[in-house]
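Thanks for coming. I will go through one structure today, starting with a term and then working from the ligands out to the sheets.

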Amino acid sequence: MEMDYPGNLYVVAAPSGAGKSSLVKALLELDSRLMVSVSHTTRAPRGQERHGREYWFIGQDEFRAMIDRGDFFEWAEVHGNLYGTSRAAMEARLSQGEDVVLEIDYQGALQIKQIFPTAVLIFILPPSWDELRQRLLRRGEDAGEVIEQRMVNARHEVAQARHFDYVVVNALFETALFDLKAIVHAQRLKWAAQRRSRSAVFDALQLN
Ligand SMILES: Nc1nc2c(ncn2[C@@H]2O[C@H](COP(=O)(O)OP(=O)(O)O)[C@@H](O)[C@H]2O)c(=O)[nH]1
Ligand SMILES: Nc1ncnc2c1ncn2[C@@H]1O[C@H](COP(=O)(O)OP(=O)(O)O)[C@@H](O)[C@H]1O
């Protein structure tokens, strides 16, 4: 089943610690037309995380019940926990013409591309394996063995970047943010031009 909405969908994936959450947060601050979709997860909340802000934190049973009801567009097991994108909020936003960003893993991203062929898939790469480990350590949120599992998984995840529309290397934060902004801007212009509407192009450029 393919879906077509007036809003645009961006999917950002990365190995844990590459800087995806920080980059998406900064991108949203620069662009009031982007909204991030809050996923459901069975992972325990980290220190500063709040229910309904970073994630909807739910139990395994509740998650399985949501799967059975068909509440998720996509879901996947990542680093031993379950994560999923619920239909309700995302569909409402896209149908109102708002742009939505999904911060999900590569398995979810590839599922989304099947449902929304126009979704733009962006993969964030760290500049090196060493730097990836440093960032996970510096973030200070995960236990040693969790970090090592994430480093092992990162090898496999990075190999999936070839299925994505764009790859952004997050070496210097501001440069990577600029690249993301350029991708979003270029896509808006492309979509507006495809709709063959002069006002749509002006709207995408935020001109009067
Ligand atoms: N498939 C899927 N993956 C998700 C979803 N939400 C988060 N993830 C991914 O799950 C992975 C682990 O996320 P998290 O526990 O927040 O750790 P972090 O990536 O180290 O910040 C990341 O790759 C997320 O992008 C979702 O709704 N669906
Ligand atoms: N370009 C960068 N240079 C140095 N540190 C960064 C950069 N981007 C992000 N970080 C830091 O790396 C850590 C992991 O970033 P985070 O956004 O949590 O990653 P992810 O969401 O991909 O797991 C955080 O402490 C963040 O502040």
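For sorting residues by class, Ala, Val, Leu, Ile, Met, Phe, Trp, Tyr, Cys and Pro count as nonpolar, Asp, Glu, Lys and Arg count as charged, and the others, Gly among them, count as polar. With that in hand, the shell around ligand 1 has four nonpolar, nine polar and four charged residues. Please keep in mind that what you see is a predicted model.

Let me stay with ligand 1. There are 17 residues around ligand 1, and those that come nearest are S16, S39, Y83, I104 and G108. Strand 5, strand 6 and helix 4 are the elements that give two or more residues to this shell.

Now ligand 2. Which residues are the closest to ligand 2? They are G19, K20, S21, S22 and R135, out of 14 that surround ligand 2. Helix 1, residues 20–30, and helix 5, residues 129–139, each supply at least two residues of that shell. By class, the shell around ligand 2 divides into four nonpolar, six polar and four charged residues.

On to the sheets. As a reminder, strands of a sheet pair through backbone hydrogen bonds, either parallel or antiparallel.

One open sheet has four strands in the order 4-3-6-5, and its pairing is mixed. At its edges are strand 4, residues 55–57, and strand 5, residues 72–78, each pairing on one side only. From one strand to the next, the twist averages 25°. Strand 3, residues 39–41, runs parallel to strand 4, and three bridges join them. S39 stands opposite Y55 in strand 4.

Helix 3, residues 87–95, is one of them, and runs at about 35° to strand 6, residues 81–86. Helix 4, residues 106–115, is the other, running at about 160° to strand 5.

Between strand 5 and strand 6 there is a loop, and H79 lies in it. Most residues other than glycine have a negative phi. H79 is not a glycine, yet its phi is positive, at about 50°. Is H79 buried, exposed or partly exposed? It is partly exposed, because 14 other C-beta atoms lie within 10 Å, and a residue counts as buried at 20 or more and as exposed at 12 or fewer.

The other sheet I want to show is also open: five strands, in the order 2-7-1-8-9, with parallel pairing. Here the edge strands are strand 2, residues 34–36, and strand 9, residues 166–169, and each pairs on one side only. The twist averages 25° from one strand to the next. Strand 1, residues 9–13, pairs with strand 7, residues 99–103, over four bridges. The bridge partner of V11 in strand 7 is L102. Helix 7, residues 173–194, lies across strand 1, strand 8 and strand 9, and runs at about 160° to strand 9.

In soluble globular proteins, nonpolar side chains tend to be buried together. The largest nonpolar core here has 39 residues, and V11 is one of those with the most contacts inside it, as are Y10, V12, A13, I122, I124 and L180. Strand 8, residues 120–125, gives the most to this core, with six residues. Leaving aside neighbours within four places in sequence, V11 is in contact with L102, I104, A109, I112, A119, V120, L121 and I122.

Definitions and conventions:
Residues are numbered from 1 along each chain as its sequence is written. Chains are lettered from A and ligands numbered from 1 in the order in which they are written. This is a predicted model: local features need pLDDT of at least 70, side-chain atom pairs count only at pLDDT 80 or more; totals for chains, interfaces and linings use all residues. Two strands pair if DSSP finds at least two bridges between them. Axes are lines fitted to C-alpha atoms, for helices over the stretch in contact, and angles run from 0 to 180 degrees between N-to-C directions. Two residues are in contact if their C-beta atoms, placed from the backbone, lie within 7 Å. A residue is near a molecule or strand if its C-beta atom, placed from the backbone, lies within 6 Å of it. A nonpolar core is a set of buried Ala, Val, Leu, Ile, Met, Phe, Trp, Tyr and Cys residues joined through C-beta atoms within 7 Å.
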